[in-house]
Amino acid sequence: MTDIFGRFGLARVINATGTVTRLGASPLHADVIAAMAEAATASIDIAELQSRASVVIAGCTGAAAGIVTAGATAGLLVGAAACMTRFDPAKMGLLPDTTGMRNEFVVSRTHRNSYDHGIRAAGARLIEVGLPDRLTGCGVRDAEAWEYDAAIGDRTAGMLYLAGSRSRPTLADVVRVAHAAGLPVLVDAAAELPPVANLRRFIEDGADLVVFSGGKALGGPSASGILCGRRDLVGSALLQQLDLDYVSDDWQPPSLIDKTRLRGIPRHGIGRSCKVGKEQIVGLLVALQRFTQAGDASRNQQFAETCAALMHHLSGLPLQLRIIHDAGHGGLPVVEATLRDPTSSVAPAAMPAPTAPLSAVQVAARLRAAVPAVHVDATNADHEVLLLVPTCLTAADAGAIAAAFAAALSPG
Ligand SMILES: *Cc1c(COP(=O)(O)O)cnc(C)c1O
């Protein structure tokens with residue numbers, strides 16, 4: 001039987017890379033799919049739906065408010081727009097032209113990344129501080145709070161912070177400096193789930209706005225995310241994402257948008273380019289509720305079982321296998337497969353030496369060329385390591401993955 005991809009001449013792949021966008025992000029639970037299917041046939045007031053979403057998101061994050069965005073990067077875009085324009089409809093209409101506005105976000109050089117395009121797309125400028133000095137071998141300090149402070153000027157709109165287990169300075173230190181100057185801190189926590197506790201952590205540390213991806217561990221649609229935080233900023237962000245073709249001045253926005261602070265109804269805002277549909281909103285909300293209620297333990301248990309099945313099926317192959325808890329994958333269990341000891345040019349004695357040893361990059365390419373294709377995490381391939389991430393797998397995939405490895409590792 002031809003599946004939906006077959007109808008378009010494509011074949012589905014086995015994803016042992018994790019919830020990456022390029023492979024379609026998170027698989028959706030049946031409850032999420034059912035909610036999206038039900039919403040898809042209905043008409044609903046989107047502003048009111050986002051206002052209800054705010055209540056759900058506030059309950060799960062401890063933030064005063066929250067909206068569903070078209071991904072974490074879209075959340076950065078409308079969040080930055082909110083920091084720069086607040087409730088001024090004239091400024092909203094000008095973006096991404098920020099002439100005459102506070103348009104600068106202070107950010108550590110170490111926190112710069114491809115996703116900060118979202119901030120820049122709103123018209124903001126990034127003002128980099130710190131010099132991590134990593135490659136010299138003598139770089140002992142990352143950016144420090146005083147450097148953020150020194151970069152504040154009369155064009156500063158806020159600070160951008162990339163959350164991560166090794167992020168420096170601490171968020172609390174950046175918040176202290178920012179708040180002393182009356183400035184908001186926007187936190188990119190897109191990939192910081194799990195643990196569930198991180199839904200609240202950055203708000204507790206004083207962040208004014210936080211974004212999370214919907215399509216990663218949350219298990220929501222790929223093109224969904226959360227922007228949560230201060231009510232005024234979230235309200236401004238929502239305003240710049242909504243369809244505002246209201247003809248009459250008796251426009252009654254939901255309470256999340258404080259109409260008394262607006263001198264008129266804005267035109268469509270910069271966030272119209274990343275609008276969110278009813279299916280994404282309800283899909284994200286149901287996924288968020290499931291993620292929160294399921295808790296970390298049951299999720300880890302399920303991933304541990306998948307890892308155990310992988311270990312079992314791969315055990316006969318010339319690979320060094322172990323289960324690690326990788327910080328890059330939210331501390332989840334991940335199977336690490338090492339092709340050879342990277343410190344020696346000979347294969348370990350326990351392993352049959354292949355005639356012409358393949359590099360991990362070559363093995364990953366052969367796995368991708370298999371039928372069905374198997375995609376692994378090759379981030380550490382230059383250390384001859386391939387990672388098998390369980391988040392988009394079930395234990396039932398282990399056999400096909402092992403068969404693909406066996407074929408990929410066989411000489412010739
Ligand atoms: C994945 C990721 C994003 C992008 O998230 P989307 O929801 O795909 O827009 C942004 N920032 C960081 C740090 C990420 O890891």
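Me: At what angle do the axes of α11 and α12 cross?
Reply: In this predicted model, the axes of helix α11 (residues 360-369) and helix α12 (residues 398-409) cross at roughly 125° and come within 9 Å. Axes are lines fitted to C-alpha atoms over the stretch in contact, with angles from 0 to 180 degrees between N-to-C directions; helices (H or I, at least four residues) and strands (E, at least two) are DSSP runs numbered from the N terminus.

Me: Which residues make the contact?
Reply: Val 363, Arg 366 and Leu 367 from α11 meet Ala 404, Phe 405, Ala 407, Ala 408 and Leu 409 from α12 (heavy atoms within 4.5 Å). Seven are nonpolar, one is charged and none is polar.

Me: New topic: how many aromatic pairs are there?
Reply: Two, counting ring centres within 6.5 Å. Phe 202 sits in helix α8 and Phe 212 in strand β7, 10 residues apart.

Me: Are those two Phe buried or exposed?
Reply: Phe 202 and Phe 212 are both buried (under 20% relative accessible area; exposed is over 50%, partly exposed in between, 1.4 Å probe, protein chains only).

Me: And which residues form the other pair?
Reply: Tyr 246 and Trp 251, also tilted, with 5.8 Å between centres and 35° between planes. Tyr 246 is partly exposed at 36%, while Trp 251 is buried at 5%.

Me: What are the ground rules?
Reply: Numbering starts from 1 along each chain, and side-chain values use heavy atoms without hydrogens or water. Local features need pLDDT of at least 70 and side-chain atom pairs 80 or more, while totals for chains, interfaces and linings use all residues.

Terms used
Ala, Val, Leu, Ile, Met, Phe, Trp, Tyr, Cys and Pro count as nonpolar, Asp, Glu, Lys and Arg as charged, and the others, Gly among them, as polar. Rings of Phe, Tyr and Trp (its six-membered ring) pair if their centres lie within 6.5 Å; planes under 30 degrees apart count as stacked, over 60 as edge-to-face and the rest as tilted.
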